Each structure stands twice: as structure tokens, then as C-alpha cells.
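Student: I would like to learn how to read the features of a model like this one. Could we go through them in turn?

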Amino acid sequence: MTIALLRSAAVSSVPGVPEWPSWLAARLPSGWRTGEWDPVQALFTADPGNPATGVFVCSVGACCTHVASNGSRCDACRKARYLLGNPADFDATHTPDPSRRRPNTSANGAMPGVSQFSLADVSPAVRHELLYGIQQRDDAGISLVPQRVRRIVAALPAGLGSLLDLDASFSSRLPAAASGVLNGVLLHVRRARVEFNGTDPTSGDVWECALVGLTAGRGRRYAAVYGDINFRPVRQRWLRELVKEYGRTARPNVMDLRQTVYAARLGLLGASTAYASGGWKAADFARMYQVVYAVLRDTGRRPGEVTSLHRDCLERVDGSPTLIYDNHKRRRHGRRLPISESTAQLIETWQKELDALPAVPACAQWLFPSPGQRNRPRRVHLNTSHFCNRIFRNWIDELIPDLVDDRLDEDGAPLAYDRTQVVPYGFRHAYAQRHADAGTRPDVLRELMDHRSLDVTMGYYKVSLGRKQEAVRTVAALAVDRHGAARGFGDSLAYEVESVGVPYGGCTEPSNVKAGGGHCRIRFQCAGCDFYRPDPSYLPALEQQIADLRADKEAALAMEADWVVRNLDDQIRAYSKSSDEMRRKLDALPAEERAAVESASRELRKARSAAAFVPLQPLTTRSSE
């Protein structure tokens, strides 16, 4: 990987942007390698006894010089052995000359020894960038070899403002081992720079593997650092966005995601037939089926409610789109559902396309006209059975040739997944589950699903006791305080007993815990409270609160309410510390552990949503009269 690739996402040269070094410095743990790193002198002195440090003693018995790999010789001994003709007993008999060897350590660090490196002479930004990258590699279990870092520092250009300003040829001038360390450091620095800039590496149609952090392939647990993932070949925008969202949420490996992109660009939905009728071509029917699929996916309506949509099913109230549909199951017609702008635009585009197609008189009122049968007139709307059992089924069979289960056979090979379980009605369950996992209140979700009984809606909020306990065990250790410092709970019991859920995190104030979260003396101003203990399960609510506070700040600025602005700034900074620290910890976790934490967080949000909705009234033990 070249440094040119690593620089492509950097916004500009870092000098002149003083916030970047301080932002990065705030993400460096203060207690890193206490016995080896001296922050005052900016000097690292390796401890050979530390298994995380790549320092060993020369294999020559009389030599004490440190080397980078176990069982190897230092440069001086290796040269001496060569000059002597490589004798077999060299390691046991050779007596080295101390004057020809660089000492292992230097007291003042002015000339670092073999086991040292100094960052005293580089700019603050470069120092923080190197430390950040090294610490990220530490968290990933990669051994730190001081000799390699020392070579990198010695080769850096004088006055360098940032590692991201290095030219493309710099890496090639370093020894291979040092070049590998630099590229690894730059990878983490570049990702941090993207976060600092507030950009999303998955927002565009081309994703750089080095920034996204997906694993390279099946059986490869390291993050991919080469190449791009190009979604542009997927011509339908709605399908392209679906594949991108799959990449963001499911976090597949790069090879599987590229295969999904390849499958999605084939345009297979509805394309398995050459049927044409009433002036409509096969491509017109395929386009209609694709819109049906997108509306099913985005709205969570039953298949029959989508295929029977009227042509004028879209209405805008104060600019916000609303879908009008009929709930045939409960015989409730003219129901209204708020939908996203992208879904509304998709329907509006199809309405225009429909207007341009040859009219079908007996189907004029329907958004999705019936394709009819051969030699028979087209009447009414698209048949649900036809779409589900034929069009959708053919698409699944052609799009996903190898669909495997998470179960294994006797030989350890994945079992084939039962394709009959992949049905359009599953989009309705997925829609409801997404809302439940996101913390939507049960009464709101009941309205969105058009359920009569709340008991039906509550089925999406059920979390078994075992799953909740496992979720608590996963996130309890990742709790932080209002300063962003780690304040994890020792076990799941302490998490449950010593804290209570409040809107933006956990609270450990005893009287509030006893009152079930309903006795906050400072009215939930959590950002300024030392009892505040958020964990990753609160991140969506926390980030939404930060966004709301920023909006409130803009309103306060417009009204010139200075003291209000100061209060909002304090809250934004405090909440951001907690949020940023939790995000940093999550990003540092291996992909499997991060996925486990995110899954556990969804379970806890779902459990809290259900618990918060249950009306608990105090018990009355005697008559009021």
C-alpha cells in the first residue's frame, strides 16, 4: 500500500489547523505503557520483559545488544560471523567488542539507544499521530519494535507538519519492516482524520477499503487496506442504496460485499420473463416489480397492501410525504403512514413513468396495474400471489445462488438455507424490528404497524432474561463517565443494581437508582453530573441529544442569549467527550467483538423501551376513605 493511497482522503495539509493535534491528543490514553513511555522527555525505552514489545537479546552468548526478533543476532555480531567464515560455534565462543556496538539505552535520549525512540524533535501533530497509530496497533495486538519506529523518525523531513503530508515516495525509501509500521500507523491516522473532519467514508458511491474497516475476506480477520468498493455499476439508485446500507449494517467482508454489488447490478428482479402485454414491454414490468419491492422494503406494509395501492396514494402534509393504503386484513381503509422522502420520490417517479406507458383502462386507478394473462385483458391491480410466488421467488433464486445457514453439517460445512423462508412478508417484520431496536416507543410503533392490540406490537420488544443478561455482560465494562474516562462495571449484577437507565445514559446516584430513575435532583442535566455513566447502548440517544443541543444553540445565538449559549456549549462538549470515547473504544475492538457490542446494545435499547412504556402505579394498601 502506498502513502499516496493513504493521503487521498485527507482534506488538506494539517499545518494551520491547530484543532487537529489537540483533538488527537484528547484520544491518547494518559496511562499508556507507563514503564516504557516517558511523556515528559517524549522518550520510549523498551522493556524486554514486556511481551507486547519486540525486543530480544542477541543470540551470541557474550553479547547483550537488543535485537528485533527472537533468536537473531545484532548487526555487529552478524558481520563478525561473516568475516570469520560463519563458524558453527560462533554464538558460544565469540567475544564482541563493546566499542563497536550502540548501547541499548541512552539516559537523556539525545542519541536514542537500540531499544529506544524519541519523539522530542518532531512537531506536536506528528508526535500525536505517531503515538495514536502505535497505540491503535497496540490495541490490535501488534508488537511494538522500537528500532523500526526510530528509523521512521530519523527519516522524517525536517519541519514536517503532519504524517499525512509525506510524499508518495517516502515509504519506498524505508526498510521493508519500517515501511510496514508507517503504513499501519498512517492507516489509523487517516481514519481518525476522517472522523475529525466529520465525514462518513461510506457516504459516497465509492468506498475506500482502507477507511471503511471491513475484513478482507472469509477467514481473514484483518481489515482490508487495498482497493475500492464501487457501487456505481448498480444503476437503480434505490437498489444501490440498499446494498450500501447492507454494507454499513451487516459489515460483511470486502469479497462478499463486492459479490453482492455484482449480483445487484444484474437487474434481475422481474427480468426473468419476456412477457409483454398491452403495449408494455418486459422491461416496463420489471421496473414496476422493482418499485413494488422498494415500497415493501421501506414501508413495512403487507404485500397485499402494497400491490393494491391506488394511483393517488401519495399525499404531502406540510411538505412531509404520507402513504395512503388499505388495511385489508382488519378492513380499515384509507390508513396513513409517514414515509421517507426517498420512498416518496421513488413513487412519484414511477407515477410519471406510468403516465408515459400505454394506458390500461381497466387498471387506471391502480399504482401497480395487473400484468394480466396471455390472450386475456388486464384488469384490477397486480396480484399478490403472482408477485410473491413467482416474481420475487425467481429473483431470490437467481440473485443468491449460494444461500447458507449459520448451522453446520456433520463435516463442519454450512448447511443450505431454506429459501422458502425468504418471503416478502419478512420486510414487515424487519421494518418493525428496526424501529424496536432503535428505541421507538411501543405506542408509536403500534400506530405505524396499524395494530389494534398493543400485545402484538410488544412482541417485537421481547428480550429474554438470558439475552438481556448476556447483553449487560457485554456492554457493562465499556461504560464511561461524563469526562469520557473509563468507568466500567465489574459485572452484570453491579450494572443492574448500582445504576438505572435515564434518557442519555446510566445514573449511579443512589436516590435516583432507588426511585427507578425518576428522582433526578438536577432535572437530567447529565452532562454536568459525576454520577453519569453512559455505555454504548445509549449512543444513538446521546448523539441525537448532541444534535438537538446544537440546534438549540443556533436558536440561542439568533436571540443573543449568551448565558444560554454557554450552557449549551458546556453540555455539547461534555456529551461529546463521552460519545467520542465510546466510539473510539468501539472502533478499536476487533470486528467480531464490535458486532457483539452493537448487537447487545440493540437488545438493551429494546428492553428499556418496553420497560419505560409499562405503566407502573404505586400499590395502595388501604382505602382512601
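Student: What is the average pLDDT of the protein?

Tutor: The average is 81, and 88% of the residues score at least 70. Residues are numbered from 1 along each chain as its sequence is written. In this predicted model local features need pLDDT of at least 70, side-chain atom pairs count only at pLDDT 80 or more, and totals for chains, interfaces and linings use all residues, while side-chain values use heavy atoms, with hydrogens and water left out.

Student: Where does pLDDT stay under 50?

Tutor: One stretch is residues 1-18, for which the model has 41 contacts (heavy atoms within 4.5 Å) beyond four places in sequence. Another is residues 612-625, with four such contacts.

Student: How should I read strand pairing?

Tutor: Strands of a sheet pair through backbone hydrogen bonds, either parallel or antiparallel. Two strands count as paired if DSSP finds at least two bridges between them. Strand 10 (residues 314-317) pairs with strand 11 (residues 320-327) in the antiparallel sense over four bridges. Here Arg-316 stands opposite Pro-321 in strand 11.

Student: Which residue takes a positive phi in the hairpin of strand 10 and strand 11?

Tutor: Asp-318 does, with phi near 55°; two residues lie between the strands. Strand 11 also pairs antiparallel with strand 12 (residues 332-338), over five bridges, and Asn-327 stands opposite Arg-332 in strand 12. That hairpin has four residues between its strands, and Arg-331 takes a positive phi near 55°.

Student: Why is strand 11 described as largely enclosed by the rest of the structure?

Tutor: Buried means under 20% relative accessible area, exposed over 50%, and partly exposed in between (1.4 Å probe, protein chains only). Six of the eight residues of strand 11 are buried, so the strand is largely enclosed.

Student: In what order do the three strands of the open sheet come?

Tutor: The order is 1-2-5, with antiparallel pairing. Strand 1 (37-38) and strand 5 (116-118) are the edge strands, each pairing on one side only. Two bridges join strand 1 to strand 2 (residues 43-45), and Asp-38 stands opposite Leu-43 in strand 2.

Key
pLDDT is the predictor's confidence in each residue, from 0 to 100.
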